Amino acid sequence: MNNKKNLPFTQLPTYQKLQEHYEKIKNLHMRRLFSVDPFRFKKFSMEHQDLLLDYSKNRITSETLPLLCELARDANLEEWRERMFRGDKINNTENRAVLHTALRNCSDQPVFVDGKDIMPEIRAVIDKMQAFSEKVRTGEWKGFTGKTVTDVINIGIGGSDLGPKMVYQALRPYHHKKLRLHFVSNVDGAHIEEIIERLNPETTLFIVSSKTFTTQETLSNAHVARDWLLQAIPDEKAICKHFVAVSTNQAAVKAFGIDTDNMFEFWDWVGGRYSLWSAIGLSIVIGVGSDNFNKLLLGAHEMDDHFQNAPLEENMPVIMALLGIWYNNFFKSESYGIFPYDDYLRSLPMYLEQADMESNGKSVDRDGRKVDYPTGPIIWGTSGINGQHAFYQSLHQGTKMIPADFIVSMLTHSHYQEQHNIMFSNAIAQTEALMRGRNIDETYADILASDKKPSGVEKRIHHMVFEGNNPTNTILIKKLSPRTLGGLLALYEHKIFVQGVIWNLNSFDQWGVELGKQLAKQVLNDIHQPHNINSHDASTNALVNYYRETINEA
């Protein structure tokens with residue numbers, strides 16, 4: 001790549017055109033845009049497989065997206081996309097390829113890393129995962145005392161926890177009828193304690209998920225689990241029947257007592273927050289079965305294919321990414337909401353917090369330059385129905401623009417159709433209310449038309465006006481299934497990638513987590529010292545010493 005095509009975001013040729021366009025339309029109200037164009041939905045919506053994206057409730061005109069696509073081409077997005085799928089080492093700070101897409105490659109096409117086709121290894125690991133999972137699911141795999149496994153606990157943190165837990169929760173209708181899965185991540189002992197105290201060690205299987213098998217939080221919890229098992233079954237041979245590992249560190253796995261035949265491998269080109277498609281998804285396979293895991297991979301692969309081949313102007317991840325940049329960098333919005341109107345997707349916002357903020361929460365670009373423009377927004381959210389009775393007040397009448405995605409399943413797994421109708425109507429009504437608002441005349445007319453005609457309304461009416469013009473995307477899922485979930489997750493992965501390319505970031509490292517880990521080791525060592533600590537700043541010294549005194553006196 002030549003330097004001309006690797007410019008900082010604000011130096012891209014189309015940036016100034018977009019700035020000028022923003023000045024022209026920044027005060028346009030979407031209510032007017034809809035009133036003058038009855039075909040706005042048709043122009044600004046698209047379908048892929050069983051997902052429909054309605055982006056018509058955005059502060060855009062027919063000129064906006066062509067300019068944003070031009071910006072993406074300025075940033076050489078199409079070449080970066082090709083390089084990622086090709087296996088080039090686009091993670092430049094760690095000199096690694098970025099190939100989570102290969103993990104769900106359902107085609108016959110090879111994928112090369114350093115001249116080697118990696119697909120045979122990927123398929124071998126998937127086969128091994130599925131063979132092992134089938135033994136657990138059918139009861140063929142027995143614990144050390146010969147009892148059938150009833151509970152599986154995945155021990156991990158970050159991508160080794162958030163992804164599998166979110167997917168397992170989302171696919172509740174597909175769960176094994178007798179197996180229960182649990183997820184432990186927090187190093188706070190209360191987390192693992194409240195799970196294992198209800199279980200029988202003889203029927204519990206642990207999956208220790210750690211690429212390096214050195215992650216402090218994961219290994220700490222794994223040793224608690226190990227001790228718990230050995231207290232009930234005081235024979236170290238039992239570890240081989242109650243623990244398996246997802247890791248790359250064979251020596252450490254063996255030292256823990258796990259049979260390395262029951263170690264499931266993945267590779268350094270699999271980033272943690274993109275790892276649910278790999279052996280890290282072992283708990284998913286156990287929970288929902290091989291067929292459903294394959295459908296999850298297929299849904300993601302279909303979105304990969306769409307992202308790789310569709311023109312930018314007709315590309316769902318690209319459109320979502322460009323709209324996010326429009327608000328982040330031109331309207332100066334600082335956060336982005338994820339509001340699923342499906343209880344099974346209640347953990348999706350937390351999953352996307354990591355996926356997005358760990359990827360694009362960067363202040364230095366891929367060439368080592370300090371950026372002078374906003375990069376990744378704060379991602380947050382919760383179940384939409386619950387949010388309506390919590391923070392939606394701020395969305396409607398607050399002072400900050402908060403673009404948001406409303407994610408709604410149309411066909412429900414529940415028997416309670418009217419409940420689902422209520423939820424769907426609330427989701428769509430909220431996007432309409434955020435777009436339209438309600439002016440003072442409409443507010444007054446609504447009051448007069450209501451049964452309640454409060455006195456002194458003139459003093460309160462301004463508190464009851466909604467400005468509207470708040471942008472949203474609506475993503476309709478025909479029915480939440482392994483395949484549609486795979487497509488939805490891949491959609492967001494590629495959105496994040498596109499934004500990173502345009503902001504000139506490396507979206508696949510996460511050096512920001514390192515310093516805290518290093519200092520935590522030092523503080524942990526300090527806690528066990530027989531004397532007061534003075535090697536940190538005054539605040540840290542005081543807090544550590546106060547903690548030491550408190551636990552020593554307890």
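Student: How are helix 14 and helix 15 oriented to each other?
Tutor: Helix 14 and helix 15 are roughly perpendicular to each other, a term for angles of 65 to 115 degrees. The model is predicted; local features need pLDDT of at least 70, side-chain atom pairs count only at pLDDT 80 or more, and totals for chains, interfaces and linings use all residues. Residues are numbered from 1 along each chain as its sequence is written, and side-chain values use heavy atoms, with hydrogens and water left out.

Student: At what angle do the axes of helix 14 and helix 15 cross?
Tutor: The axes of helix 14 (residues 290-309) and helix 15 (residues 316-330) cross at roughly 70 degrees and come within 7 Å. Axes are lines fitted to C-alpha atoms, for helices over the stretch in contact, and angles run from 0 to 180 degrees between N-to-C directions.

Student: Which residues make the contact?
Tutor: M303, H306 and F307 of helix 14 contact M316, P317 and V318 of helix 15; contact means heavy atoms within 4.5 Å.

Student: Is helix 15 mostly covered or uncovered?
Tutor: Helix 15 is mostly covered, with 15 of its 15 residues buried, that is, under 20% relative accessible area (1.4 Å probe, protein chains only).

Student: What follows helix 15?
Tutor: K332 follows helix 15, and the phi of K332 is positive, near 65 degrees.

Student: Now helix 7: how does helix 7 pack with helix 14?
Tutor: Helix 7 (residues 119-138) packs with helix 14 at an angle of about 145 degrees, and their axes are 10 Å apart. I126, M129 and Q130 in helix 7 meet S290, F293, N294 and L297 in helix 14.

Notes:
Helices (H or I, at least four residues) and strands (E, at least two) are DSSP runs, numbered from the N terminus. Angles under 35 degrees count as roughly parallel, over 145 as roughly antiparallel, 65 to 115 as roughly perpendicular and the rest as oblique. Buried means under 20% relative accessible area, exposed over 50%, partly exposed in between (1.4 Å probe, protein chains only).
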